[in-house]
Amino acid sequence: MNRILPMTAALTITALSLQGAPSQAAASGPATVSGTGTVAATVSSVPLQARRSCGAAFLAHPLPHTTTMRGGGARFYDSNGSGLGVGDLNGDGLLDAVLGNLAGTGTILWNLGGLRFRAQPLEDRSALASEIRDVKLVDVNADGRLDITLTHSRGGIGVWLGRQGGGFTREWLSGARTPAYTMQWDDLSGAGELNLITGSYDAALEAEMGSTFLFASNGGVAVYGPVRADAGGLSVQGQKLAKTAHTLALLPFDLDGDGTRELVVGNDFGMPDRVWKRSGATWAEIHPFGRITRNTMGFSSTDMDNDGVPELFATDMKPDFADPAAVAIWTGLLERTYERLQYRDIQRAENTLQVRHRGGTYRNVAYDLAMDSSGWSWSAQFGDLDNDGFEDLYVVNGMIDEVVFKFLKGGELVERNRAYRNTGRGRYALNPGWKLDSTASGRSMALADFDNDGRLDVLVNNVGSPAALYENQLCGGGALEVNLKWSGTHNLDALGATVLLRAGTASLRRDVRSGSGYLSGTPARVHFGLAGGAQAGALEVVWPDGLRSVVPRPPLNTRLTLTRTGGVP
């Protein structure tokens, strides 16, 4: 039985006594830090659960949800699939999930513990709960309870507000007028507010709405905020950064290390990706990359070498040319879509991994690391799957399209998902031994610890086959998980914060986000793995407004909650 253990008793400790206190005490009381740029935070801890089993691979569990396409086949971009979101919806300490759908309704998977779930249809009488694209679980109205936010095929944004007594109330977000295919939530100014960022997928909107959309010309990329809640409901005001878009991916990402996040927008169909930097109330487009993807599907970030500087990964469509079987399957498509590359064209139909160098310049190293070609790739997520202190990479693949792949049975390109193990030497190696090489047609995906045992499990929403949870049974290593709470603000989960864990000379970095990858909402809870015998040094939180809190020696195999009170100074 997977039960929630009570919080350890809170202790009052000053910054001076924390430096010499035993590790368990350091993680179980108010951590009062002083000095320029620091802020106090109360720290409480919960022990992680004992592992139920241990082995060398992941164990697949089918889930009671299947994303289906309208009309029974791939039409109107239904082959792009639907999203998912992960978070603790009822505050019991267990991560729940919401799985989107197209022809049918979405599903809430209530986590009962022990990797058991109760499925509840996401539906009501007021509006459709189908044709779902993106899913993010965010506390929109700052009442301490996560809400479900959704985008839909025609670009509308729905919010299901979590009620304190249980259940949800359906709301529309007034003022968000630009159609949204994908979205992100963030505190872009560090003011303790929530911003909504959206991007439209104009090709799909044209297919859905025809001339209605063409003459309206109302797509593009927009930034809204802050969210306001009053007697009239939820509302936002915003500005449009681009009038047109084929956006499948969005990510707030600190490109220059100045503590503020730029907006990185990934577009499909050869429309170049775009990046905007904020200065006060204005946004200016910048061009930091010398090589970008051509058909960007998803963004994910990592600190692959634990130097405290994040890298940016983007997925595209490219077969593994070292695999003759894969090339043979792709040949029909490649022959029909072949284009001669122009020398000065910075776009390539392949994955990119952008690494920041001295002087703030970026270089794509995906080709050097043999990570440029992973198939028809959708969501990619980084996480320390084997708890060795280095973040690994998981990519889901596949495509179903009766026109594009009319030469294949059922119009389906069947490809294996790919798990890349971070070897710790600045390299990644394919690891089929983890048994994560499913051939189901995956789209959205999240890495999260669903049984609170300190190991990241994998949740995938497929198209045309049941969603799956891959239970992490890998042996070895310890873990530390961290939740942030910023009370007194409208950004209670501190979206936009950065958490750093010192381990020897390494500095492990995790960013608190509403999601990444493709149409995937990830939990605000961050996870650190550490190899057996490794010692955790100081844990440092950089809050969205730039102030810092420090826990000198957090104990391993616990889940910490750092609560900052008082709002923005």
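Predicted model: local features only at pLDDT ≥ 70, side-chain atom pairs only at ≥ 80, totals over all residues.

User: What percentage of the residues of the chain count as buried?

Analyst: The chain exposes about 21,600 Å², of which carbon and sulfur atoms supply 53%. Among the contacts with a separation of 6 or more, 59% are made by residues 24 or more positions apart. Of the 569 residues, the share that counts as buried is 60%.

User: Is strand β39 largely enclosed or largely open, and why?

Analyst: Strand β39 covers residues 498–503, and a residue counts as buried when its relative accessible area is under 20%.

User: Which residues lie nearest the centre of the largest cavity?

Analyst: The structure holds 4 cavities of 30 Å³ or more, and the largest has about 460 Å³ of space. Its lining has 8 nonpolar, 8 polar and 10 charged residues, and the strands that each supply at least two of the lining residues are β23, β29, β35, β40 and β43. Of the 26 lining residues, those nearest the centre are Phe-382, Glu-391, Arg-510, Asp-511 and Val-526.

User: Is Thr-178 buried or exposed, and at what relative accessibility?

Analyst: Thr-178 is found in the loop between β11 (168–174) and β12 (182–186). Leaving out residues up to four places away in sequence, Thr-178 touches Gly-155, Thr-198, Asn-218, Gly-219, Gly-220, Ala-222, Tyr-224 and Lys-240. Thr-178 therefore counts as buried, since its relative accessibility is 7%.

User: What distance separates the C-alpha atoms of Asn-462 and Ser-82?

Analyst: Asn-462 is found in strand β36 (residues 457–462), and it counts as buried at 2% relative accessibility. Apart from neighbours within four places in sequence, its contacts are Thr-67, Ala-440, Ser-441, Gly-442, Ala-467 and Ala-468. Although Asn-462 and Ser-82 are 380 residues apart along the chain, the separation of their C-alpha atoms is 8.2 Å.

User: Which residue of β21 is the bridge partner of Arg-278?

Analyst: Strand β20 (residues 274–279) is joined to β19 (residues 262–267) by 3 bridges in an antiparallel arrangement, and in that pair Leu-263 has Trp-276 as its partner. β20 also pairs in the antiparallel sense with β21 (residues 282–286) over 5 bridges. The hairpin of β20 and β21 has 2 residues between the strands, with Gly-280 at a positive phi near 65°. Within β21, the partner of Arg-278 is Trp-283.

User: What is the relative accessible area of Phe-269, a residue with a positive phi?

Analyst: Most residues other than glycine have a negative phi. Phe-269, which is not a glycine, has a positive phi of about 60°, and its place is in the loop between β19 and β20, a hairpin with 6 residues between the strands. Phe-269 counts as partly exposed because its relative accessible area is 47%.

User: Is Leu-115 buried or exposed, and at what relative accessibility?

Analyst: Leu-115 also has a positive phi, near 60°, in a residue other than glycine. Leu-115 is found in the loop between β6 (106–113) and β7 (116–122). Leu-115 counts as buried, because its relative accessibility is 13%.

User: What is the omega of the cis peptide bond from Gly-225 to Pro-226?

Analyst: Most peptide bonds are trans. Pro-226 lies in the loop between β14 (221–224) and β15 (228–230). The bond from Gly-225 to Pro-226 is cis, with omega near -5°.

Key:
Residues numbered from 1 in each chain as written. Heavy atoms only, no water. Buried < 20%, exposed > 50% of the residue type's maximum accessible area, 1.4 Å probe, protein only. Helix = DSSP H or I, 4+ residues; strand = E, 2+ residues; numbered from the N terminus. Contact = heavy atoms within 4.5 Å. Areas by Shrake-Rupley, 256 points an atom, 1.4 Å probe, with all protein chains shown as cover. 1 Å grid on protein atoms, 1.4 Å probe; cavity = no way out; pocket = protein on both sides within 12 Å on 5 of 7 lines; lining within 4 Å. Points joined across faces, edges and corners; volume = space filled by probe spheres on them. Nonpolar A, V, L, I, M, F, W, Y, C, P; charged D, E, K, R; others polar. Pairing = 2+ DSSP bridges.
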